[in-house]
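Visitor: I would like to learn how to read a model of this kind, feature by feature. Could you give me the general idea each time, and then the case at hand?

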Amino acid sequence: MNGALVRILDGNTFVVSDSRGDIEASLTDPTGLFSFDTRFLSTWILTVDGERLNPLSVDDLNYFESRFFLVPGTGTVYVDSKLSVIRRRAVGDGFHEELTILNHDEEPVELTVRIDAACDFADLFEVKDALQKKGSYSTRVSGRKLLLGYERESYVRQTVISASARAKVDEHGLTFAVSIAPQGSWTTDLDVVTAAGAGGAYSRPKYQRGERRAQPNMERSLERWIADAPRLETESDSLRATYHRSLVDLAALRFSPPVVGGGKSLPAAGLPWFMTMFGRDSIFTSLQALPFTPELAATTLRALGDWQGTRSDDFRDEDPGRILHEMRYGELSAFEERPHSPYYGCADATMLYLVLLDEYDRWTGDRRLVRELRNEARAAVRWIDEYADLMGNGYVSYRRRNEETGLENQCWKDSWDSISYRDGRLPGFPRATCELQGYAYDAKVRAARLAREVWGDPEWADELERQAADLKRRFNRDFWVEDGGYFALALDEEGKQVDSLTSNNGHLLWSGIVAKSKAKSVVRNLMGPRLFSGWGIRTLAEGEGRYNPIGYHVGTVWPFDSSFIAWGLRRYGFKEEAALVAGGILDAAQFFDGRLPEAFGGYERGVTKYPVQYPTACSPQAWSTGAPLLLLRTMLGLEPVDDRLLVDPMLPDNIGLVALLDIPGRWGRTDAFARGRGELLPRRGRALSPARS
Amino acid sequence: MRDATTEFFAGLEERGHEPLLEKATGSLRFDLIDNGRRARWLVEIDHGDLTVSHRNAKADCVVRAEQALFDRIAAGEENAVAAVLRGAMGIEGNRQLLVLFQRLFPAPKSP
């Protein structure tokens, strides 16, 4: 490996290479050209006269294209080359590479330029888990094309490589005999095209040979995407940069599932391993982005509705009405060695689907879609009542039925040790985590509103509201940890409290399930030194048995988590606390050039002075990208009420002036303005009092 | 005794309406190959109302598979989406129609 990895992508096709532009993958090495969860190129090495090249610089021109400047030489001595090599690569279904060699000498040169190519056709899961292949490979030269193939029964994948310049093609690559005049140049276009299925349709690279522009024009589509979003004006350079970064990354994360069509896209979960449809991630990100790019929510609702479960299928953990967890297109899903066709093992997405449907209506007033999805909404509610209550105690809980390849923890904190008692013990299954009850409550309250206002079913609305009120009453009794003044993380398989203090309390505020009388105590815990690090809210409180400031779900701060907690604080009127959390996360974003990581260490802000990134392969990640957007919403106090947008701002202390212009919604377009208070907020120990609302 | 495919389509015809397809309007044709012979099933959907026939007509979505494979799908012994990913079942045209339609295939039988 030579230097940092360079990634470019379009939808779920992406290229990961080293800083020379070379790909030298092994089964466990994550470089290559990937499309639909399959690697279509695992070797792609450029040599000139048998020598590898050295990188001078890499330009990330756009999320879908990059340019590598290279020179010959060993790299260990000072390079004074008479040659420059430029590789300009753009992804789009396959990829297109424009290879240019410049001769700076006063003499002509004769060169042998060689591209070595090969492919292992690994499934993404194989790359992550290092599994062996079961099918057979083929390599064929056909005219001036190199065809790499993989076949297992009816499953066929192929990569076709060709060049515009004259090349000698053999089974391992392409060789060019090149003559370049003094001060002259030589160039060739290389096309790598992916194909699936027997005699299947080839994808057409969006960059065609010789064309400078993608088809459809990706650059212009990015410009339009940014122009369509509200405009942010602020004195804070860092906030402006973070906002722009979020919009660009969100554009990169747009993914058009093969079945939706029409160029409509929804947010995929993250790069590079999660460029696919995820129930939870797509919904959370759509919620965060609603005031900015509401079309993401519309596509998410449609696509997840189309795939809503209808059967009881233990392998896929599918139930009627359940919203999917994850869809995958690779070989292991195709041969049912993994359950992702799609996999439904997720306890929250079905409820969050209803929450998004209502929030979408409140913002956009797109009644047509809400009417269209009435059956899906009914099926989702039925899932909560008939399939999600595994313990028969009136609470949503989870336990996988696919014991081999299904997910153990089906809530957002899905790592093995994320759900623990104070003393660090892990509970058995089923587990009824607290935020699931909050989501269930909110889902019913919101479905009731839609039943009354859109679906014309006031009786169902009454019934849903009764159920919600009952759930809230029971929840505030059964989950309340008396000696801590907060809600337990979960009820275990015996219905006993899993009593550790966690960030999940903030999601409960967001859902509105917290009794008013308990809110102040919950907020005191969230903003206290055990959970609030100064940057954001820790997933697990300091002092708990499994607390670890760099433990995935047991002490790190997740920007997405904190953004929903800020929304929850606003919901209960704690404006200053919400601003404090927003300020912390946005301050942290500065340290990552505006691109918030999935998670960072839970270290006390005053101790490290900067947020310590959690080592992860996934960046940008959709709901981290959405976090600054949701925080802007909470800082400005944006709330749609009928056909108006209410604005009730409270800015963090270091942000002076914010204007968000042309916010789309049922009001058409409108603006929101906020002025800072110019006063310093104490970081800790401030009296807690809900602001007037 | 009728095969699972015939049972499945006959069941659709009898129901005449399928709430899961209320969002859908369009036609699906299933071309099923059995030792070189081709059986054809045409399903026309109008907001959930279903008509099933053997008519030879253009369809918005054409699905091709071996009869034996489709029998197993219709009997709940095989998963349709995995079959598509595997290339064992081919689709042309409007894929979304098949996404909606595959929800009507029966649940897997418990072992």
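Guide: Let us begin with strand pairing, where two strands are said to pair if DSSP finds at least two bridges between them. Please keep in mind throughout that this is a predicted model.

Visitor: Which residue stands opposite A:A432 in β24(A)?

Guide: In general, strands of a sheet pair through backbone hydrogen bonds, either parallel or antiparallel. Here A:A432 stands opposite A:L491 in β24(A), and two bridges join β21(A) to strand β24 (residues 490-491) of chain A, the two running antiparallel. These strands belong to an open sheet of three strands in chain A, with the order β21-β24-β25 and antiparallel pairing. Because β21 (432-433) and β25 (497-498) of chain A stand at the edges with a single partner strand each, one side of each is left without a neighbour in the sheet.

Visitor: How many bridges pair strand β28 with strand β29 of chain A, and in which sense, parallel or antiparallel?

Guide: Strand β28 (residues 657-665) and strand β29 (residues 668-675) of chain A pair over seven bridges in the antiparallel sense. A hairpin of two residues joins β28(A) to β29(A), and A:V658 has A:A674 in β29(A) as its bridge partner.

Visitor: What should I look for in the backbone angles?

Guide: Most residues other than glycine have a negative phi, and most peptide bonds are trans. Strand β28 of chain A contains A:D662, whose phi is near 65°, a positive value in a residue other than glycine. With 13 other C-beta atoms within 10 Å, A:D662 is partly exposed. A second case is A:D49, with a positive phi near 50°; A:D49 is found in the loop between β6 (43-48) and β7 (53-62) of chain A, and with 13 C-beta neighbours inside 10 Å it counts as partly exposed.

Visitor: How should I read a helix, and is α15(A) enclosed or open?

Guide: Helix α15 (residues 575-590) of chain A has 16 residues and reaches 23 Å from its first C-alpha to its last, close to the 22 Å expected at 1.5 Å a residue. A residue is buried if 20 or more other C-beta atoms lie within 10 Å of its own; 14 of the 16 residues of α15(A) are buried, so this helix is largely enclosed by the rest of the structure. For chain A as a whole, buried residues make up 53% of the 693 residues.

Visitor: Which residues have the most contacts inside the largest nonpolar core?

Guide: In soluble globular proteins, nonpolar side chains tend to be buried together. The largest nonpolar core here has 228 residues, and those with the most contacts inside it are A:Y353, A:L356, A:L357 and A:M635. Helix α10 (residues 434-453) of chain A gives the most to this core, with eleven residues, and the core draws at least three residues from each of domain 1 (6-216) and domain 2 (229-675) of chain A. Leaving aside neighbours within four places in sequence, A:Y353 is in contact with A:I283, A:L304, A:I323 and A:A380.

Visitor: How far apart do the centres of the two domains lie, and which elements of domain 1 touch domain 2?

Guide: The C-alpha centres of domain 1 and domain 2 of chain A lie 39 Å apart, and the contact takes 17 residues from domain 1 and 17 residues from domain 2 of chain A. On the side of domain 1, the elements that give two or more residues are β1 (6-10), β2 (13-17) and α1 (124-129) of chain A, of which α1(A) gives the most, with four residues. The residues on this side of domain 1 divide into eight nonpolar, three polar and six charged.

Conventions
Residues numbered from 1 in each chain as written. Chains lettered and ligands numbered in written order. Predicted model: local features only at pLDDT ≥ 70, side-chain atom pairs only at ≥ 80, totals over all residues. Domains from an automatic or database assignment. Contact = placed C-beta atoms within 7 Å. Nonpolar A, V, L, I, M, F, W, Y, C, P; charged D, E, K, R; others polar. Expected span 1.5 Å × (residues − 1). Buried ≥ 20, exposed ≤ 12 C-beta atoms within 10 Å, placed from the backbone. Core = buried A, V, L, I, M, F, W, Y, C linked by C-beta atoms within 7 Å.
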